[in-house]
Amino acid sequence: MLAISQESGQVVAGPDIVSRGFVYVREAEELLEEAKAQVRAALEKCQEKGLNEWASIKAQVRDILGRFLYERTRRRPMILPIIMEV
């Protein structure tokens, strides 16, 4: 979940990751911090490419985060990117 400025396209809040049953949050804080870094990298890649369509941004985040989590846990969680425009 993250908030993006309507005028500048910059991230103003987040990303926040909510886990429901995938990992125990207290034991996986490092994994979730690394996942946030992966989301930030995906967003930077979208900005470099000039992507500004929500569907494209969500797909990019889902792909990068999905690959990262599978490599680290060998599990495939459902990833639902939520982007709010403020």
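Mentor: This is a predicted model, in which local features need pLDDT of at least 70, side-chain atom pairs count only at pLDDT 80 or more, and totals for chains, interfaces and linings use all residues. Residues are numbered from 1 along each chain as its sequence is written, and side-chain values use heavy atoms, with hydrogens and water left out.

Trainee: Which residue in β3 does L2 stand opposite?

Mentor: Strands here are DSSP runs of E with at least two residues, and helices are runs of H or I with at least four, both numbered from the N terminus. Two strands pair if DSSP finds at least two bridges between them, and β1 and β3 pair in the parallel sense over 3 bridges. In β3, the residue opposite L2 is I83.

Trainee: Which strands stand at the edges of the sheet?

Mentor: The open sheet has 3 strands with mixed pairing, in the order β2-β1-β3. Each edge strand has a single partner, so one side of it is left without a neighbour in the sheet; these strands are β2 (11–13) and β3 (83–85).

Trainee: Which residues have the most contacts inside the largest nonpolar core?

Mentor: A nonpolar core is a set of buried Ala, Val, Leu, Ile, Met, Phe, Trp, Tyr and Cys residues joined through side-chain atoms within 4.5 Å, where buried means under 20% relative accessible area with a 1.4 Å probe, protein chains only. The largest one has 20 residues, and α1 gives the most to this core, with 7 residues. Those with the most contacts inside the core are L65 and L69.

How values were computed:
Buried < 20%, exposed > 50% of the residue type's maximum accessible area, 1.4 Å probe, protein only.
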